[in-house]
Amino acid sequence: MTFEEFAAARLPALLRYAVMLTGDPHLAQDVVQETMVRAQLKWRRVARADRPELYVKRMVTNQYLGWRRGAWFRRTVLRDEVGDGQAAAPGPDPAEASAERDEMWARLSRLPRRQRAAVVLRFYEGLTDTEIADVLGVAAGTVRAHISRALATLRDGLLADRTESVLVRAGGGRP
Amino acid sequence: MIEEELAATFARHEGQVPAAEPLRARIDETARRRRRRRTAARSAGLALALAVVVALPALWLAGVRPGGHDRSTLRTAASPAAVARNVLLVTADPASGQAATVLVAHLPVGGGAAYLISVPTDTMVHGTPCGGTAKLSCPLTHGMDAERKAVTSLTGLRLDGTAVVHLDKVPALIDAIGGVDLCVDQPVTSRATGKSYARGCAHFDGTDAVDYAQQPTPADHDFGRQRHGQQLMVAMFTRLMGAGRPASPGQAAGLARLAQGAVTTDTAEGGVAELAGQYSALRPGGVTGLRVPDLYTQRDGTGYQLSGDQATALYAAAQSDALAPFVAAHPDLVWKLTG
């Protein structure tokens, strides 16, 4: 498979994955661009992998996990949070239900990043524990722990949101 | 239940996913820029490798995979050639399948020079598959191996590689580097196209350059043809080092692809990068064109060149990597290849 074929077939899916992973289209785009540039430059090695698409998914994930610590990420995240605030701002939400669903998205973004990656890989990408372990470079048991912890947090968060949703949203950040 | 909410949340945010097309273009552009930066230090080596690949017998060519020069191919910062090498280059006459060109490129230790030795194709050789004694042009009809054996037995040279140049594919290659500058030393009219090439220097496109280089000359016949072939090789080399130098890795890959189509080598893949590095100091001015001293004879009504003492001395000098002193002592065998 050539890089061109790979990009044509997989780029949209990688972008979708990155949006779910990062919670932000701009960041997703930057992460995927950087990953695909690197993948193109070392394509022969990528193509030799058993499953190139998993290999590249791992690159995307690592890019995200690694970049979070850098100044670049802080800049992007700040921009991102400002953007979120503005998006949430326009007055009282017409539908309570949709506000709750946005709360789910916000909850996801507050998960520890590895937990979030595991959740996205499982519930969005539909990967098995073993595949997720491969992408994250951890043991399958760790993946299961990440996921169950993440689900617990999301559940608690949702319950909390449902009782004091207005306060939380007005705060625009951590409770 | 939480799983369903997650799935719904993800599905709802798919609307935020950016379009792939513009990103695709940015990826390519960024990769190109980065690759260029990375290859900047090696670009001289790249242009040269291609030049050597095209102009010299393409020993290097087998490993210059299309698009493959970006990383590993030219990464080797090889030290100058530590051994001398001889490479056999032939072209075939499309009608008869016989050799139209037999040329040995001698590459001395150090990698900064090259000697092109045109061996007359009507030189008498013995023990060929063409009924024993025959002209050097004949064994090629029995395959490259037979031709190689004939050249080895004639010259005594150890041949490190062989290459067959497909002349019908060379014009496209020349056009891809924007043509070549050649100086016509004798007015020639093409037997193939009827086209006349007047004395003087001019810019040639691929078709004309190859046509011109294949014509025997009025004054020295086949020797003129041999010389023009060498001049064309150096003209391509010069062009590749100058105005025809590939501007991007993409262009270089395109050239490599054309060159690969134009030349078939027996060289194992992988050695190419290293070899290109070993000859990175070579420049067009370092290429010396040589003819083999002629000694004409007739046998059974057929004209042959014989390999005389002087020819034997030339081959021996090449085999012992001592062509520089030999050339200094025999300026009459040296052809002017440029200007």
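Helices (H or I, at least four residues) and strands (E, at least two) are taken here as DSSP runs and numbered from the N terminus. The model described is a predicted one, in which local features need pLDDT of at least 70 and side-chain atom pairs count only at pLDDT 80 or more, while totals for chains, interfaces and linings use all residues. Residues are numbered from 1 along each chain as its sequence is written, chains are lettered from A and ligands numbered from 1 in the order in which they are written, and side-chain values use heavy atoms, with hydrogens and water left out.

Chain B, in turn, has 12 helices and 15 strands. Burial is judged by relative accessible area: under 20% is buried, over 50% exposed, and anything in between partly exposed (1.4 Å probe, protein chains only). By this criterion 45% of the 175 residues of chain A are buried, and for the 339 residues of chain B the share is 53%. Contacts, meaning heavy atoms within 4.5 Å, were also sorted by sequence separation. Among those with a separation of 6 or more, residues 24 or more positions apart supply 68% in chain A and 67% in chain B.

The two chains meet in a contact that draws 36 residues from chain A and 29 residues from chain B. The size of an interface is often given as the accessible area lost when the parts come together. Here the buried area (accessible area, 1.4 Å probe, that two parts lose on being put together, summed over both) is about 3100 Å², and carbon and sulfur atoms contribute 65% of it. On the chain A side, A:Gln33, A:Leu41 and A:Arg44 lose the most area to chain B, together 19% of what that side buries.

A:Val119, A:Val120 and A:Phe123 make the contact from helix 7 of chain A, and B:Glu3, B:Leu6 and B:Phe10 make it from helix 1 of chain B. These residues comprise 5 nonpolar, no polar and 1 charged, where Ala, Val, Leu, Ile, Met, Phe, Trp, Tyr, Cys and Pro count as nonpolar, Asp, Glu, Lys and Arg as charged, and the others, Gly among them, as polar.

Not counting residues up to four places away in sequence, A:Leu154 touches A:Met104, A:Arg107, A:Leu108, A:Leu111, B:Ile2 and B:Leu6.

Several individual residues round out the picture. A:Gly23 is found in the loop between helix 1 and helix 2 (25–41) of chain A and, at 9% relative accessibility, counts as buried. Its C-alpha atom is separated by 8.0 Å from that of A:Leu108, 85 residues apart along the chain. In helix 4 (residues 52–67) of chain A lies A:Gln63, which counts as buried at 7% relative accessibility. Leaving aside neighbours within four places in sequence, A:Gln63 is in contact with A:Val31, A:Glu34, A:Thr35 and A:Arg38.

In chain B, B:Asp300 lies in the loop between strand 13 (296–299) and strand 14 (302–305). B:Asp300 has a phi near 50 degrees, a positive value in a residue other than glycine, and counts as exposed at 78% relative accessibility.
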